[in-house]
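The following dialogue shows how individual features of a model can be read. Please keep the sequence and the coordinates at hand.

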Amino acid sequence: MSEHRRARRVAAGVLVALVLTLVTGCAPSGAPGANPTIPRTASGRPNLQGIWQARNAAAADLLDHAARHEMRAGRSVVEGDEIPYQPWAAARKLENAASRATADPLAKCYMPGVPRIMYMPYPFHLFQTDDHVGITFEWSQVFRLIYTNGSKPHDGIEFWMGDSRGRWEGDTLVVDVTNHNDKTWFDMAGNFHSEALHLVERFTMTDANTIQYELTVEDPKVFTRPWKMTMPLHRETDSDRVLEYQCNAEAEEARGDFERDPRTWYPGPAGTAAQPAAVAGEDVPSAPAPARTAAQPKGPIRRLADGKPDLSGHYQPDGGGANYGLETHPPDFLTPGGRGVIVDPADGQLPMLPWAETEQKNRMLPERGYDDPTAHCFVAGVPRSMYTPSPLHILQPPGYVVVLHERMAWRVIPLDGRPHLPDTIRLWQGDSVGRWEGDTLVIETRNLNGKTWLNEVGEIVSHAETVVERLTPLDADTLHYEATVTDPLVYSRPWTIALPMNRQADDLLEVACHEDNQDLQHLKDVRDEVRRRTRR
Amino acid sequence: MRRHAWVAAVAVMMTLAAGSAAAHHSFSAEYDDKKPLKVTGTVTTMKWSNPHAWIYVDVKDKRGKVVNWAFETGGANALYRRGWRKQDLVPGTVVTIDAFQARNGTPTANAQSILMPDGKRLFAGSSSPTGGTGAK
């Protein structure tokens, strides 16, 4: 579509809104008597988008409480300061509290569930479109995808984070959360529920920087009656990004269960003692590489009201076996073959430096399977998270493209041209900034930590990695995905992969990985046995 | 033996093996292609979890001692998308399983095919929910 036609379409949209306003006598700023101090979306709903955080001690204990070890004191958020447990459950709550150091699911970095994630001392970024609300949490890349499109919850499956379906009642977002498991707690004090938990959350903006968060808790297996909690959520105004706290990765690194690789991990700010000579002084090229393939539209594409391509929806990347090797490869024992996704260099081979070829072969030994970060259920990084054989959901609220990965990871891509984070802040998923070039979304990612692998066969990236990704709609249901990786510590030149992503009518489920990961111990046994043998 | 493994691996890809939907780790590092296993036993429980579900089966060894084996299958999400529900595999069901044993020597294996007494294949028989040639 030409710029001119796009502008005409936008103008037509504005006209329709004006006519609607005249006909209904109701401006898209809410019902008569609606709070005039709160921001609103183009469709007139309260605009909840932004970074929020509770500032209370509910994560320690929902009720009035004095301080205990690593638990700050605080006032009750529960109506009447009483949780109406059945007698057996009251006893169980006391047991939980007594053994919380080991029994608290959060002590093992298990997903906190809803509502606990909403009042933990970590910020979250809420994104809002007409049919979805997405919440990306700093804590362990957990997210919530709240459907506000009238759809129904799933039947016969449980999730750590529940199944959230929302609707608007006037200016209040009301969310039913069902399909919980019975493994999460409400707080560190051992307040708990069963899988029969049903939550009704109410989000009401009281001013531009405050959401009143109200929650009704029902669980006939544990409580004698429904009960309520209430708290304000405050807008985070001194930060434009939510960063990462990867609970399990930090814990494993601290315990020595996930070991530093000095060849790839970020060594710390230049000049510190941690900097190994081999990786000192690398020069990260800053100029984005040009597109390597020409993505030609095959049919009409979806567009937003502003004329930009509408990328939103549920997608299955067709990774072509990239998670088991980016180059063309035959199937091997329990490992699928791959069609090869490298489009540059033309020979389809990764231009690995000699050390990297040796290391990659070494990573394929059984005793190195333990070292793949995704075997630990750590997030996959960029670009791997885009081609793991697992669905993703793209949200496209104003100013952002947000990617939610079924394997519990997210990428938030701001489109406002903001500068990248300082070089010293390194993240598993990196720091992404996007912009439109015609109908192509161009994403530049840096600040990567060098801890990720590109796939199960150990293809390598380091902290010097920068990535330029391009997402181009080819028709209403197909995206062309392309990623150019520049990593002078590992490769003699930049290289590019390309693959399609297919839009599907499906919901994201939830892959809880670390919570039930039994494979890691098996892989560790294999590694430890080899270490024992070679030490002898 | 190597050829046996190869044939099994191909069969897996063609029939959509139970054990390998959407891996998050290297199967070849965890399981041994030189230790294929075929057993018949009684299901004791099923752990309906991600990234893999696990079926526990009592199997009699050569000396008649009962060992509870853990068989890895596709994750709960993949099973759910194929129409399976938690209650569909009843404890007490007798199943015959083709699998590859874990390298760590414990009674653990990656299930390639799970046959019910009536010859129906458990969890298999539809195209991959994860799509793409590389879904495993």
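Q: Is Asn447(A) buried or exposed?

A: A residue counts as buried if 20 or more other C-beta atoms lie within 10 Å of its own, as exposed if 12 or fewer do, and as partly exposed in between, with C-beta atoms placed from the backbone. Asn447(A) is buried because 21 other C-beta atoms lie within 10 Å. Before going further, note that this is a predicted model: local features need pLDDT of at least 70, side-chain atom pairs count only at pLDDT 80 or more, and totals for chains, interfaces and linings use all residues. Residues are numbered from 1 along each chain as its sequence is written, while chains are lettered from A and ligands numbered from 1 in the order in which they are written.

Q: How many bridges join β15 to β16 in chain A?

A: Two strands pair if DSSP finds at least two bridges between them. Here 7 bridges connect β15 (residues 431-437) with β16 (residues 440-446), and the two strands of chain A run antiparallel. Ser432(A) has Thr445(A) in β16(A) as its bridge partner. The two strands form a hairpin with 2 residues between them, and Gly438(A) in the turn has a positive phi of about 60°.

Q: In which order do the strands of the barrel in chain B follow one another?

A: In chain B, 5 strands close into a barrel in the order β1-β2-β3-β5-β4, with mixed pairing. Neighbouring strands of this sheet are turned by 55° against each other on average, direction ignored; the axes are lines fitted to C-alpha atoms, for helices over the stretch in contact, and angles run from 0 to 180 degrees between N-to-C directions. Strand β1 (residues 31-47) of chain B and strand β2 (residues 54-60) of chain B run antiparallel and are joined by 5 bridges. Opposite Val43(B) stands Val57(B) in β2(B).

Q: What length does helix α2 of chain A reach, and what is expected?

A: The expected span of a helix is 1.5 Å times one less than its number of residues. Helix α2 (residues 87-98) of chain A has 12 residues and reaches 17 Å from its first C-alpha to its last, close to the 16 Å expected. α2(A) is hardly covered, with a count of 1 buried residue among its 12 residues. In helix α4 (residues 247-255) of chain A, the buried residues are Cys247(A), Asn248(A), Ala249(A) and Glu252(A).

Q: Which residues does Leu479(A) touch?

A: Two residues are in contact if their C-beta atoms, placed from the backbone, lie within 7 Å. Leu479(A), in strand β18 (residues 478-486) of chain A, touches several residues more than four places away in sequence, among them Leu311(A), Tyr315(A), Leu471(A) and Met501(A). Leu479(A) is buried because 24 other C-beta atoms lie within 10 Å.

Q: What is the mean pLDDT of chain A?

A: The pLDDT is the predictor's confidence in each residue, from 0 to 100. For chain A the mean is 91, and 89% of its residues reach 70 or more. Over residues 13-30 of chain A the pLDDT is below 50, and this stretch has 15 contacts in the model beyond near neighbours in sequence. Where pLDDT is low, the predicted coordinates should not be read in detail.
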